[in-house]
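Biologist: I would like to go through this structure term by term. Please set each value against its definition.

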Amino acid sequence: MAEDAKPAGPDLTKGVALSDLADGGMLVGHVGGDEILLVRRGNEVFAVGAQCSHYHGPLAEGLLVGDTVRCPWHHACFSLRTGEPLHPPALSPIDCWSVEQRGGKAFVKEKQAAKPVARPMPVNPPGRIVIVGGGAAGFAAAEMLRRQDYKGSIVMLSDDDAGPVDRPNLSKDYLAGSAPADWIPLRGDDYYKDNGIDLRLKANVTAIDARAREVTLGDGGKVPYDRLLLATGAEPVRLQLPGADLPHVHTLRSLADSTAIVARATTAKRAVVIGASFIGLEVAASLRARQIEVHVVAPEKRPMERILGPAMGDLVRALHEEKGVIFHLEDAPVAIEGKQVRLKSGGALEADLVVMGVGVRPRLALAEKAGLTIDKGLVVSARLETNAPGIFAAGDIARWPDPHSGQTIRVEHWVVAERQGQTAALNMLGHGVVFDAVPFFWSQHYDMPINYVGHAEKWDEIAVEGDIAARDCLVRYKLGGRILAAASIYRDVASLQAEVAMERETT
Ligand SMILES: Cc1cc2nc3c(=O)[nH]c(=O)nc-3n(C[C@H](O)[C@H](O)[C@H](O)COP(=O)(O)OP(=O)(O)OC[C@H]3O[C@@H](n4cnc5c(N)ncnc54)[C@H](O)[C@@H]3O)c2cc1C
Ligand code: FES
């Protein structure tokens, strides 16, 4: 808090009358400079940090579920008892304070150290765990292993030259120039040393020997394992066009990719974004924030219609047009010739920066070569184990049996990758946990967030609560009367409630 900023709400050391805090009620106050969320649940009163440890979302605007609170912005969930981050994208605890009840009032007392509750360690936990991939799933797995007090060795192998980063930010604030570079690493270098995580960068894993239980690196080195997690993610598709390999034509996956786009954006005047998907349009928004003229070329009639339906697609288009983006829909690039992108429709667009956001393909080569079962993704069980005992998979590569849709699905969502990484970590220790999280993703366009819970590949009804054009809505995607997914704009509590309802439906 800035030195002259006034702390929010009442001074909680002076006590809050319980009659002013209804059961299930939340109130924001402070102790010194700390902003605190006071929560009443029956006869218990909890005091925790008021802001989410992910991007500082206001927890008071979230949802209480049992003795947890969920963040309104990206659905992180925290224990009110211990502050533990129970659901990503938060991976750090929030602070907790002790509360004394006296004379019909609740007084907030001392700050307490966060104490995650580790499960009892199974007998004979594996001695050596190797994680292939330093992304969302790989990092969340390593973090969970140490949170569970796992004492064995963890080796994390990543062929990237940067450690685990906040990948969603690479198309948003970092690209727009509003997030400094030091926000991007998920943890500082010391974290890995302090937690005994042997993070090896530029370490390309080229083979797995499932019998000998070891992986081979590009330089011929071998790393033995007792349990292996494959979390190799996905790579962006580069359209096979003449000129697609020119230096001003970019794709976006890694920190290096985003930094290269930022470097070019400092002098670029006109950009063409190929693809009107989430990443393409987030890139368009970030380049507009840098005052660059942006043209979006894509084959579909409406952006994002396949995932969000026609009305949400129209809204997304209208928003980007308001901000100056020029769409060339139902069209496609056929060649990039110097600074010109030639279109199928016959015209050409000038561009000193081209970004292809035309989707990704899961990085399956390693799993395929090892003979693991592949079916449009690496097939895993409900416990995220592959057909090779001891080899688990999580994140963008994994196709798992989703109990909510009743299908096996593979998605490309940050929070799903993290939650799968955590579940795989527990299962590599032997806990046998079924992965049953409701899929969730968010996307950000200028100041408009879109939150999406569930998974609907097709639907026969779209039910709208609120007003899509007014950017205030909860949109439910139904099949045969059953709600498969819900997208929302500025209806955060309704989105959280939809998530909880889907969780309860299958438990
Ligand atoms: C720019 C951008 C913005 C996004 N924004 C959002 C968003 O707003 N919301 C959302 O829900 N999702 C978003 N996503 C998607 C999300 O980032 C992914 O779903 C998530 O990162 C998947 O995690 P993962 O661990 O499976 O893979 P990744 O995070 O991609 O990590 C894979 C890791 O494996 C390494 N690797 C691969 N093969 C090998 C090998 N053979 N040897 C060694 N290492 C290897 C890679 O270097 C990398 O470190 C975004 C993605 C991008 C690129
Ligand atoms: S700010 Fe809370 S989950 Fe992102």
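Modeller: Buried means under 20% relative accessible area, exposed over 50%, and partly exposed in between, with a 1.4 Å probe and protein chains only. Helices (H or I, at least four residues) and strands (E, at least two) are DSSP runs, numbered from the N terminus. This is a predicted model, in which local features need pLDDT of at least 70, side-chain atom pairs count only at pLDDT 80 or more, and totals for chains, interfaces and linings use all residues. Residues are numbered from 1 along each chain as its sequence is written, chains are lettered from A and ligands numbered from 1 in the order in which they are written, and side-chain values use heavy atoms, leaving out hydrogens and water.

Biologist: What makes strand β20 mostly covered?

Modeller: Four of the five residues in β20 (residues 270-274) are buried.

Biologist: Why is C77 called buried?

Modeller: Its relative accessibility is 2%, and the limit is under 20%, so C77 counts as buried. C71 is buried too, because its relative accessibility is 2%.

Biologist: Why does S98 count as buried?

Modeller: S98, in strand β9 (residues 96-102), has a relative accessible area of 18% and is therefore buried. Contact means heavy atoms within 4.5 Å. Leaving out residues up to four places away in sequence, S98 touches F107, V108, K109, E110 and Q112.

Biologist: How do you know that β20 and β21 pair?

Modeller: Two strands pair if DSSP finds at least two bridges between them. β20 and β21 (residues 293-298) have five, in the parallel sense. Within this pairing, V273 has V296 as its bridge partner, and V272 stands opposite H295. β20 also runs parallel to β26 (residues 353-356), joined by four bridges, with A271 opposite L353.

Biologist: What order do the strands take in the open sheet, and why are β19 and β22 at its edges?

Modeller: The five strands run β19-β26-β20-β21-β22, with parallel pairing. β19 (249-250) and β22 (326-329) each have a single partner strand, so one side of each lacks a neighbour in the sheet.

Biologist: Which strands does α5 touch?

Modeller: α5 packs on the sheet and touches β20, β21, β22 and β26.

Key: Axes fitted to C-alpha atoms, helices over the stretch in contact; angles between N-to-C directions.
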